[in-house]
Amino acid sequence: MSEKVLSPDLGFVKDVMKSGGESLKKCYQCATCSVVCNVTPEDNPFPRKEMIQAQWGLKDQLFGNPDIWLCHQCSDCTAYCPRGAKPGEVLNAIRKLSIRKYSKPGFLAAMAGDPRFLIFLLAVPIVILLAILGSLGHLSNIPRGENGEIVYARWMPVPFIDMTFGAAAAFAVLVFVFGIVSYWKDLVRNVDTRRINPSNEIGLGLGAAIKDIFAHRKFQNCNETKARGTSHMFVFYAFIGLAITTTWAIFYLYGHEFLGIQKFAIFNFGESPYPLSDPMKWLANISAIALIVGILMVISNRIKNKEKLGGGSYYDWLLILVIAGIALTGLLSELFRLGNMAGVAYPTYFTHLVLIFFLFAYAPFSKMAHMVYRGTAMVFGKITGRA
Amino acid sequence: MEKKYAVYVCKGCGIAESVDADKVIAAASSHTKVPKDKFKSHDILCGPEGVAMIKADMAGEGVNAITIAACSWRTKSDEFNFPGCVVSRANIRELVAWSQPPQTEETQALAADYLIMGIVRTQKAELPEPGILPDLNDTIMVIGGGVTGLTAALEAAKAGYDVALVEKEAELGGWAAKLYKEAPGQYPYEKLNEPTVFAKIKEAEANPKIKIFKSTSVEKTDGQPGLYDVTLASNGNTEQIKAGSIVLAAGWKPYDATKLSHLGYGLANVVTNVEFEEIAKKGKITRADGKPARKVAFIQCAGSRDAEHLPYCSHFCCSTSLKQARYVREANGDAMAMIFYKDIRTPGQTELFYKNMQNDPGVMLTKAEVKGVAEEGGKLFVHATDTLLGSAIKVEADMVVLATGIVPATAPFQTWWDGMTEAGKKGDAERNKFTEENPRPDGILNLGYKQGPEVPSLEGGFGFVDSNFLCFQYETRRTGIYAAGCVRQPMTINEAAEDATGAAMKAIQVLDHIAKGQAVHPRAWDLTYPDPMMTRCTSCKRCTEECPFGAIDEDAKGTPFYKINRCRRCGTCMGACPERIVSFKDYNVDMIGSMIKSMEVPEEGLRVICLACENDAYPALDTVGVRKKLKLNPAVRFIPVRCLGSTNLVWVADAFSRGVDGLLLLGCKFGEDYQCHFIKGSELASYRFSKVQETLDRLQLEAERCQMMQVGIDDYSKLPDIIEAFVKKIEDDLGPNPFKGF
């Protein structure tokens with residue numbers, strides 16, 4: 001076997017320890033973690049090797065490997081670790097640093113992972129949205145509906161939202177594309193392409209990975225956190241539901257405006273708000289409730305398992321609380337609107353918009369990025385036989 | 001002393017249920033010609049009434065030679081302690097009542113034989129008179145002024161003894177004084193300690209009972225415990241001192257790193273752990289060019305656990321490297337210490353220090369087989385395979401520290417001595433050639449003993465002093481000289497201090513015992529001593545050769561004479577002597593021979609004699625009885641011996657000429673992991689009996705009739721089967737002794 005030249009990096013070790021992996025150095029390499037892990041492939045299993053690579057600060061070996069993302073943090077390893085080294089938490093911290101490496105600009109990822117910058121990150125959507133409202137004169141004068149009812153779209157016209165959020169989403173997608181490409185290159189560099197060239201097999205890998213993801217198959221292998229499969233599934237499908245609703249609403253608005261489609265049957269083409277009898281509304285409300293249920297389950301599981309499996313870092317909780325906030329403010333906005341409680345309705349809706357912007361714009365830098373990088377790793381893993 | 005005999009048979013503890021005491025008494029009386037009225041039995045002999053009965057006989061009838069048939073002699077020694085009387089014990093509880101079927105003819109005969117042998121023992125034994133030599137000195141000489149020596153000196157002085165502390169170097173403190181810091185020795189094993197040895201130096205220098213000799217070596221040690229005449233040499237001058245006992249704390253030397261060129265020694269910035277202490281002591285961890293060392297690689301087991309170099313583990317190098325990793329980290333927060341180990345060995349609570357160091361982000365650890373350290377483009381690289389990092393690796397380092405192990409101070413001479421002995425086996429020419437080619441290294445004790453000038457090391461023991469690390473630490477094969485610290489085995493500073501305390505205690509104990517004429521370990525109570533009838537000595541020197549403790553020297557004419565305070569009373573000389581002239585008051589060739597000859601050998605059926613070592617085999621036999629479920633073959637008669645080394649070959653003749661069908665010897669394990677309490681006894685017995693088998697062959701007696709086996713005290717569960725197999729082999733393969741009935 002040829003010699004591997006190691007470049008130990010103390011800075012990286014400290015970064016892992018600061019990012020939620022403070023137990024990293026306790027590992028004494030007994031490999032209990034790799035034995036109890038039900039997700040790892042048998043050949044060269046994780047997370048034992050990741051633990052020592054991280055102890056030595058060998059970041060290139062960690063990043064250019066799908067394994068840190070193939071881990072679903074069941075935390076079986078953490079539960080059985082005889083030394084309290086919490087491999088699950090450590091790998092989570094490494095993933096955070098991996099996001100920082102691949103999602104450029106890196107400073108945004110650094111800010112997303114650091115509570116000191118939270119206020120700045122929140123300030124961006126707040127300033128943008130206030131600027132829009134201010135320029136429309138809607139800060140002092142809130143236009144109502146024909147019958148004096150609350151119509152959010154009159155206060156914050158949808159095209160403004162779409163422009164702003166569309167731009168944020170486009171930025172996120174761009175960052176993701178660059179991130180995926182750069183990650184993929186690193187992954188491919190570490191395989192023998194004479195044997196298999198992963199780049200030629202993407203279609204195959206993608207199909208298999210999507211099947212796994214939709215069925216949440218990997219989660220089912222977890223022992224300690226089996227319940228997480230359910231909660232994640234709630235959140236996952238709620239997001240899909242909400243994505244459909246959003247597209248649906250765009251279709252209603254612009255279909256009416258540009259294509260002249262009129263209301264028919266139960267389909268209410270035109271401006272929001274839409275009546276509760278509309279099927280889009282059914283899906284939206286079901287998804288919102290699913291999201292609330294799911295995210296509450298996430299929170300309760302995490303609190304319940306805190307002692308045994310690790311409490312998670314700021315990075316984890318930020319995403320959880322943003323999602324919880326979005327779901328809660330979304331549902332409350334609707335209820336306050338229906339109840340015509342203007343005093344609380346507008347601030348709630350404003351908060352809702354801020355949080356959605358936060359989620360969209362910072363997705364590549366927050367833990368939200370896991371869907372993309374883990375997805376990429378799973379595709380790669382399917383091709384190379386590790387997932 | 002005119003003996004007035006009395007024999008007591010106990011019926012308690014199940015003996016009465018097993019045998020008929022009256023019949024046993026009748027048999028013994030008719031066989032030994034001791035009148036029946038001298039026999040008494042009692043239900044609970046060890047109880048107050050039983051003991052009172054014996055004492056009444058002593059007072060009333062002047063009884064002074066007592067035989068007690070009851071439990072094993074290993075129990076109830078306080079109850080059956082009758083000062084001024086010869087007391088023998090016949091074990092009819094463990095070896096009869098508890099390990100034989102009750103009320104059978106064989107059991108009855110067995111009990112009778114044990115009682116007969118007990119009576120013979122009483123007849124042949126005399127009261128011991130302690131042999132106390134005049135003008136005993138009770139100064140304790142401590143050789144070595146390091147942590148071990150200083151601690152031993154302080155402990156002995158605190159106990160009230162005068163100490164002569166001899167240090168070869170100009171300053172006290174040894175290696176411990178050369179350290180920058182010490183690895184932590186107390187909970188929570190977190191902080192490094194300032195070197196502790198300086199406080200000890202101060203304390204020793206201030207203690208009026210400790211006389212310190214610096215830059216001094218021992219030129220000659222003559223005499224024996226209590227009577228050592230030591231010649232000290234210092235800068236060309238010599239001085240005579242007297243000492244009573246000696247603590248050997250000569251310490252160690254680091255392994256010669258010039259032999260480790262494959263690990264880069266000789267290159268710039270490749271240093272040993274000892275050299276690294278000197279670098280750290282200067283205050284900065286810097287390279288040869290003065291630049292700070294940011295990446296320091298520690299290579300564990302450098303030249304240790306390696307067949308080419310030191311095959312053993314030096315025990316403290318892992319904590320030392322962890323400690324030195326702390327130096328690196330404390331000197332520079334951005335510096336990394338990379339430790340490549342075979343496996344981390346931090347014994348005991350030092351594990352906590354390992355854990356603490358492991359938690360430091362800048363301490364990187366991996367198991368590795370380090371293949372080499374080499375320079376490439378002006379940079380140092382460590383090459384290793386079999387790492388936890390998954391492949392062969394190459395890591396750059398600013399500095400490489402080789403964790404070298406220790407060589408005991410006793411090793412150079414021992415190696416030379418062994419080489420010379422080996423060459424000597426091929427003749428004087430070879431020996432002379434060896435001594436010409438290999439200059440004699442300096443000795444440490446330079447003993448004027450027939451058996452050689454230093455304390456022996458165990459064969460295959462790498463030059464460490466032979467001192468059974470489990471059962472009898474500190475004891476060496478030279479009575480009165482106790483080894484402590486790294487001459488015994490590699491150890492840490494704390495362990496060395498503890499070891500020194502133990503050795504000081506032994507050095508005190510020997511002074512106390514010789515003043516009373518008592519032996520030391522393992523027969524610390526014994527007042528007897530070997531008393532040879534020198535008029536019959538042929539100066540064959542077997543005793544001087546075989547004594548495991550070098551207790552017998554020779555005078556100018558080559559006649560052996562005992563340095564009695566060196567003797568441990570094992571009786572190896574008694575076993576060795578072809579003239580059978582060595583006797584103890586209560587243990588001698590005639591006594592055991594008479595016991596063998598006294599027992600009934602039946603015309604029909606087998607009779608086997610087993611000589612069992614008192615230290616391991618006999619206790620194991622007792623345990624067979626105590627367990628009660630195990631049974632011993634009733635054809636076997638067990639006789640305890642002080643050590644298998646004391647078995648004289650004449651007993652073989654005694655046994656087989658009486659028609660005994662087999663002779664079994666149970667002794668301790670010998671060899672590298674020996675358990676013999678007298679170190680060489682069972683090995684010597686084995687050697688002796690390998691010769692007797694030739695004799696048996698000539699007598700046309702099958703060699704298999706006489707067999708020696710090694711058993712441990714924990715082998716009790718196997719013993720019945722071992723004995724059964726031996727008896728069965730004689731029964732099936734050999735048949736009865738053809739001399740039976742002659």
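Me: Which domains does the assignment give for chain B?
Reply: Chain B has domain 1 (1-129), domain 2 (140-251 + 458-516), domain 3 (255-404), domain 4 (534-576) and domain 5 (601-742). The bounds come from an automatic or database domain assignment. This is a predicted model: local features need pLDDT of at least 70, side-chain atom pairs count only at pLDDT 80 or more, and totals for chains, interfaces and linings use all residues. Residues are numbered from 1 along each chain as its sequence is written, chains are lettered from A and ligands numbered from 1 in the order in which they are written, and side-chain values use heavy atoms, with hydrogens and water left out.

Me: What separates the centres of domain 1 and domain 4 of chain B?
Reply: 35 Å, taken over C-alpha atoms.

Me: And how is chain A divided?
Reply: Into domain 1 (10-102) and domain 2 (106-384). Their C-alpha centres lie 28 Å apart.

Me: How many residues of those two are in contact?
Reply: 28 residues of domain 1 of chain A touch 37 residues of domain 2 of chain A. Contact here means heavy atoms within 4.5 Å.

Me: What area do they bury?
Reply: About 2700 Å² between them, 58% of it on carbon and sulfur atoms. Buried area is the accessible area (1.4 Å probe) that two parts lose on being put together, summed over both. In domain 1 of chain A, the residues that lose the most area to domain 2 are A:W69, A:H72 and A:Y102, together 27% of what that side buries.

Me: How many salt bridges and polar contacts there?
Reply: Zero salt bridges between domain 1 and domain 2 of chain A. A salt bridge needs a side-chain nitrogen of Lys or Arg within 4 Å of a carboxyl oxygen of Asp or Glu. The rule does find 13 residue pairs in polar contact across that interface, both residues at pLDDT 80 or more. A polar contact is a pair of N or O atoms within 3.5 Å; within protein, one must be able to donate a hydrogen and the other to accept it, and residues adjacent in sequence count only if both atoms are side-chain atoms.

Me: Which helix gives the largest share of the domain 1 side?
Reply: Helix 7 of chain A, with eight residues. Helix 5 (67-70), helix 6 (76-80) and helix 7 (87-102) of chain A each supply at least two residues of that side. Helices (H or I, at least four residues) and strands (E, at least two) are DSSP runs, numbered from the N terminus.

Me: Now chain A against chain B. What takes part?
Reply: 24 residues from chain A and 28 residues from chain B. The two chains bury about 2200 Å² between them, 61% of it on carbon and sulfur atoms. A:L10, A:K25 and A:W56 supply 30% of the area that chain A buries against chain B, more than any other three residues.

Me: What polar links cross it?
Reply: The count is one salt bridge. B:E351 forms it with A:R83, the closest N and O atoms being 3.9 Å apart.

Me: How do strand 1 of chain A and strand 19 of chain B pair?
Reply: In the parallel sense, over three bridges. DSSP must find at least two bridges for strands to pair. Strand 19 is residues 393-397 of chain B. There, the bridge partner of A:K4 is B:I393.

Me: Salt bridges again. How many over all chains?
Reply: 60. One of them joins B:K124 and B:D590 (3.1 Å, N to O). B:K124 lies in helix 5 (residues 105-124) and B:D590 in helix 16 (residues 589-598) of chain B, so the pair ties together parts 466 residues apart in sequence.

Me: Switching to backbone. Where are cis peptide bonds?
Reply: Most peptide bonds are trans. The bond from A:K104 to A:P105 is cis, with omega near -5°. A:P105 sits in the loop between helix 7 and helix 8 (106-112) of chain A. Another cis bond joins B:Y187 and B:P188, with omega about 5°. B:P188 is in the loop between strand 6 (163-166) and helix 7 (197-206) of chain B.

Me: What phi does A:H216 have?
Reply: A positive one, about 50°, although A:H216 is not a glycine. A:H216 is in the loop between helix 12 (202-215) and helix 13 (226-259) of chain A.

Me: What about B:N235?
Reply: B:N235 takes a positive phi near 45° in the hairpin of strand 9 and strand 10 of chain B, which has two residues between the strands. Strand 9 (residues 228-234) and strand 10 (residues 237-243) run antiparallel and are joined by seven bridges. In strand 10, B:K242 is the bridge partner of B:D229.
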